[in-house]
Amino acid sequence: MKNKIVKYKVPLLLIFISICFIFIAFYPYITNNRPFLFSADQQLQYNYFYQEWDRMIELFFKNHITPFYSFNTFLGNNFFASKAYYVTGDIFFGLVRMFDSLEFGLMIETFLLILISSLTFSYFLRCFGIKKPSIIIWASLLYAFSGIAELYVGQYMFHRFFCFLPLLLAGVEKYRAQKGVLLFCVSTFVLFLSNYYFMFSTSIYLVFYYFFTIIYHSDSELKIITILKSAIPLIVSYIIGFMMSCILIFPAILYVLGNDRIGNNEFIQLIFDLKVYIGLFFSYLAYPFNVYTDIPNMFVSGQNGHLTWYSLTTSIAIIPPLFSIFVSKEKKANILRNFYILLLVFLSIPCLNSIMHGFSEPSLRWIFLIVLTNLLIFSVIMNDNLLRAKIVRGGFVYLFIFSILLVLAFIVHIIDIETHSIYLLALVLFLLVLFFYIYLYKKNKIMIVLVISCVEILSLYTLSLLILNKNYYEFVPSLNKDYIHYNDSLDIDKFYRMYVNPKNLLPSSDLNLNQSINMGYKSTATYDSMIEPSLKLFLNLNNFDWHIVSLDDPEVLRMLGVKYYYVVDESELPEGYQFQYTTNVNHFKVYEMTEYRPIGFTYNQFIKRSECLERKCKINWNEQLIVDDDLMEIIENNDLQEDTNFELIEYFNENSLYGNINLTKPAVLFFSIPYNKGWQIYDNNQYIEYFNVQGGFIGVYLEPGDHYLNLIFKPPGFKFGVVLSAIGVVLFIFLIINDIHKRKMMKFK
């Protein structure tokens, strides 16, 4: 009876304390004194992706249009697969849609993720064998309100994964203790849906963790082959969990494999820059208060955030117990130390680090696994009176290494007193707190440490949220969504794009290139790392080699079917083209380009793709077409028809287009639709082959005659993913039946 009371007391207390913490930390957002928007990415990228997914889901319910393709996301995009990284795998999206305000719905989801984080971590600790309720509650709060968790607020794809991660390890522990695999299988399924990017790193971590937990909980020496054999049921359940997620994840994996950031390990480093190591070590102590602020970050390394935006902070209170494993001679401390050193080696050596990052460039984005391990070690030490004997010495170990690195940072000029004075003052304050904790540990005032550390993390969490939020863009929308939709209803053309100078958009930001999603128009700009991979050559030829793109060459825009220019002043219109004024929208004047091109038209001058790859070729985008060798062999020495337009008859939805073209000669028909293997093209109801042309678009070769063309899109791998998911569900049912049978047999015995 007592055990049952304790069993329910811990989660109920956690829920109560977590709700209190949430109310305090998010009070300005709950009362709407501040918008729920943190940093540029949430406002100008993630929230817009949620808006587009909401629009596509609405079309699915109303008109049964499958939510696969979106033309609102930069020239066209396999939204279903590409945004699995961001939004399409969010299992809470149904909850978000229940609220009239998307922003409010996402805030509620964030609160739920924090609650789940604390509960799942507490469950994991109980499964691992932590007995003391106060330690479980303490560590779980530190997990839910850690520095890395705070950086995930507003980055839903990371926060979702973080909150469910402890269930995966709890599944390992349940298998170790009871041979049950259901929890592990289900959590594998949920985590793959939540963020396959993090799941790759976690899958490697699982191998290390399984060896660690088996050895830690074993009273005798075990052979490696014995441990590997014991893991077979877990491996099978992992595969089943993955298979169940394949309806989304298989198309997503096929898509992301085309991204040139995957496997990009062009530079081989033996070690990181010294400031990376110093920054990592200092981040055990210092909260990420200077992220997204004007305070100089002395440890910045790289421009894409992979080695910058991280935090190992949970509470300063965990430092003495954590580092005590380096001075304790106990067997369990030795096992913990070896496991931890292995992880730190993978973190600190670039070539090993890159393995954890999908064999791509080294990254600290998987540091959440180190944070979880820190709190596990902390909990184990605090739960064991024998291991707690070296806590004070552990605190001084950290201080000793910290002092050496601080002096070194001054010597090599990583730290400059004048430039980094605010950061140094904060470090002094944090050091004083550490000394105070060491003193309390020495006096065995554990409950006082618990209370003070909770006050510490709540105060710094709240402050950091205010700092993160201060950079949101407060603005009145630059465009009028209702007018754009009204204009669409009047325009006889079914498909066209618009050009808006991003500098004229509000908020004024280099990253504000996704308003087309918010306003519902087809654009030529984006801030999105999941652009169609086929467009790489086209973007390189237009001097873009990153995922912040704004096309403004009038010839390129004309080729892409830009019909309307939204400008503040007529002088912004490109010279040499005919424009007709149509109307005003807010502070914009709208002009129609009279010579704009439709979604498809023919070319008769060609350049080999291989020539453009070897050297940066100059191309007249509306007169010359880049083709591959296979297409060039077909059209060589042919008299081809040029400047004949494809007439779009029906634009059913973004997965299907239908139209016709009449040809008196053979022709290569260009579509300003990014090339993707998911398109199926039927000519007079007969499937035809299509080619990658113009550096990343669709082209088809047609013989003379009347051609009625139907373009239909289905994400590559979707059908196979559905089959795998169905098989996975059937296998999971067998797991359930087997589990029920095992329990019955145990009861019978």
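How exposed is arginine 55, in terms of relative accessible area? I looked it up and found 27%, so arginine 55 counts as partly exposed. My cut-offs: buried is under 20% relative accessible area, exposed is over 50%, and partly exposed is in between, with a 1.4 Å probe and protein chains only.

A note on the ground rules before I go on. This is a predicted model, where local features need pLDDT of at least 70, side-chain atom pairs count only at pLDDT 80 or more, and totals for chains, interfaces and linings use all residues. Residues are numbered from 1 along each chain as its sequence is written, and side-chain values use heavy atoms, with hydrogens and water left out.

**Salt bridges**

I took a salt bridge to be a side-chain nitrogen of Lys or Arg within 4 Å of a carboxyl oxygen of Asp or Glu. That rule gave me 11 salt bridges. Arginine 55 has one with glutamate 52, with the closest N and O atoms 2.6 Å apart. The two are three residues apart in helix α3, so about one helical turn separates them. I take helices (H or I, at least four residues) and strands (E, at least two) as DSSP runs, numbered from the N terminus. Glutamate 52 is buried, at 0% relative accessible area.

Arginine 55 also meets glutamate 654 in a salt bridge, at 2.7 Å from N to O. This pair links distant parts of the chain, since glutamate 654 sits in the loop between β10 (647-653) and β11 (656-663), 599 residues apart from arginine 55 in helix α3. Glutamate 654 is buried, at 10% relative accessibility.

I then checked glutamate 173 and arginine 176, whose side chains form a salt bridge of 2.7 Å, N to O. Both are in helix α9 (residues 156-178), three residues apart, or about one helical turn. Glutamate 173 is buried at 0% relative accessibility. I also noted a network of salt bridges that links Asp54, Glu58, Lys62 and Arg97.

**Rings**

Next I counted aromatic pairs: rings of Phe, Tyr and Trp (its six-membered ring) pair if their centres lie within 6.5 Å, with planes under 30 degrees apart stacked, over 60 edge-to-face and the rest tilted. The count came to 83 aromatic pairs. One of them joins tyrosine 284 and tyrosine 398, with centres 6.2 Å apart and planes at 75°, so I logged it as edge-to-face. Tyrosine 284 is in the loop between α15 (274-282) and α16 (319-323) and tyrosine 398 is in helix α20 (residues 391-411), so the pair ties together parts 114 residues apart in sequence.

Lysine 83 has its charged end over the ring of phenylalanine 49, 5.0 Å from the centre. Lysine 179 lies over the face of tyrosine 175, 4.8 Å from the ring centre.

**Backbone**

Most residues other than glycine have a negative phi. Phenylalanine 74 lies in the loop between α3 (39-63) and α4 (79-82) and is buried, at 3% relative accessibility. Leucine 75, in the loop between α3 and α4, is buried at 0%.

Key
Lys NZ or Arg CZ within 6 Å of the ring centre and 35° of its normal.
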